[in-house]
Amino acid sequence: MIVLGIETSCDETGVALYDSDTGLRAHKLFSQVELHAEYGGVVPEIASRDHVRKLLPLINQCLSSAGLERTDIEAVAYTAGPGLIGALLVGTATGRSIAMALGRPAIAVHHMEGHLLAPMLEADPPIVPFVALLVSGGHTMLVEVRKIGSYRILGETLDDAAGEAFDKTAKLLGLGYPGGPALAKLAEHGNAERFPFPRPMTDRPGLEFSFSGLKTHTRNLWLNSDKDPTTQADIAAGFQLAVVATLTIKCRRAMQQTRAQQLVVAGGVGANRSLRQGLLSEGKKRSWKVSFPREEFCTDNGAMIALAGCQRLLAGQCTDTRLQAYARWPLDQLPPLETVN
Ligand code: KG4
Ligand code: ZN
């Protein structure tokens, strides 16, 4: 089955064509980063309008790079939430319209299920059961996955998501928007040991996260510092190490609690090299398998949406023709894969 995947939940227009027999046929991405940079964050109305401009051209580019015609599309998968409602509605309306015009089924995909299944785009895909660490700009959660489609949330952040903490901390350090990757780059040259940072919520049992204190800690350090470039890099490195160490401790607990042998890491912060190295070496020490998508499929993309939609379509699910998008949508309320909508 050839599935067209559409992702427009935030500031990236992502499109892909996924073949259930042969895998990914083509994918294209347009990042709106430059459009939002001057405002220091995503402006929802600008995001929606730009998705309108870019989506159809990207679909055409994808079709031609895969050597396919529109009529070869056998189903459409679109992100219906969670995310910015206006942005989601662009992908939802476009996806549903294409499906209707072609007389094909369409399926509403949960953005975080897309992230969670993204490692399945790779050559050595994870096999259930596993624990997933989802770390994006909007979410940080540990999820127990016994079957694809059935998700038990083990712990979530009580305040900022990991990516949000990276972005806000980067802004404090004057690194602009989007700060996560810039902060990570700066941290590579810093001395992570110079400034001690806390490891929030690791001194008590549980799998919840809290990252807003790290941001405040950084603010205090930076305001009272010499604001030298070395100091800036050392603070960035200390912050990054604190996030990586905290995530690693919580992953270890979740793996012990569920007795899982496999950890899946996905979402934008999954592209962070230090996190990847940290969790890989932890996995080696404890004999877990650790799977990540390649870096470009950690951040938002259409390929993960096409793949996630394809799994549900193959299980006989599809979504009715209502144009429905959800700013909030709990991951653990998705129908299990055996159930037909
Ligand atoms: O998954 P994603 O593309 O969008 C959401 O679903 O939110 O994640 C974006 C987040 C941003 O906060 C971004 O700063 C962060 O992921 N991010 C990173 C890195 N690359 C992206 N954070 C730390 N290190 C990176 N290399
Ligand atoms: Zn995302």
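Me: Before we look at the ligand, what counts as a polar contact here?
Reply: A polar contact is a pair of N or O atoms within 3.5 Å. The model under discussion is a predicted one.

Me: Which atom of Gly 137 lies 2.8 Å from an oxygen atom of ligand 1?
Reply: That is a backbone N or O atom of Gly 137. A backbone N or O atom of Gly 268 lies 3.0 Å from an oxygen atom of the ligand, and a polar side-chain atom of His 115 lies 3.0 Å from one.

Me: How much of ligand 1 does the protein cover?
Reply: On its own, ligand 1 has 550 Å² of accessible area, and the protein covers 86% of that.

Me: And how many residues surround it?
Reply: There are 19 residues around ligand 1, with Asn 272 and Asp 167 among the closest. By class, six are nonpolar, 11 polar and two charged.

Me: Where does ligand 1 lie relative to the domains?
Reply: Ligand 1 lies between domain 1 (2-117 + 297-333) and domain 2 (128-292), because both give residues to its shell.

Me: Changing topic: which residues coordinate the zinc ion?
Reply: The zinc ion (ligand 2) is coordinated by His 111 (NE2), His 115 (NE2) and Asp 300 (OD), at 2.0 to 2.1 Å. Along the chain, these donors follow the spacing H-x3-H-x184-D.

Me: What does the pair of His 111 and Asp 300 tie together?
Reply: His 111 is in helix 4, whereas Asp 300 is in the loop between strand 10 (289-291) and helix 10 (302-314), so the pair ties together parts 189 residues apart in sequence.

Me: Is His 111 buried or exposed?
Reply: His 111 is buried, with a relative accessible area of 7%. Asp 300 also counts as buried, at 12% relative accessibility, because the cut-off for buried is under 20%.

Definitions and conventions. Residues are numbered from 1 along each chain as its sequence is written. Chains are lettered from A and ligands numbered from 1 in the order in which they are written. This is a predicted model: local features need pLDDT of at least 70, side-chain atom pairs count only at pLDDT 80 or more; totals for chains, interfaces and linings use all residues. Side-chain values use heavy atoms; hydrogens and water are left out. A residue is near a molecule or strand if one of its heavy atoms lies within 4 Å of it. A polar contact is a pair of N or O atoms within 3.5 Å; within protein, one must be able to donate a hydrogen and the other to accept it, and residues adjacent in sequence count only if both atoms are side-chain atoms. Accessible areas come from the Shrake-Rupley method with a 1.4 Å probe; for residues, only the protein chains shown count as cover. Ala, Val, Leu, Ile, Met, Phe, Trp, Tyr, Cys and Pro count as nonpolar, Asp, Glu, Lys and Arg as charged, and the others, Gly among them, as polar. Domain bounds come from an automatic or database domain assignment. Donors are N, O and S atoms within 2.8 Å of the metal (3.2 Å for Na, K and Ca); water is not among the atoms, so sites may look incomplete. Helices (H or I, at least four residues) and strands (E, at least two) are DSSP runs, numbered from the N terminus. Buried means under 20% relative accessible area, exposed over 50%, partly exposed in between (1.4 Å probe, protein chains only).
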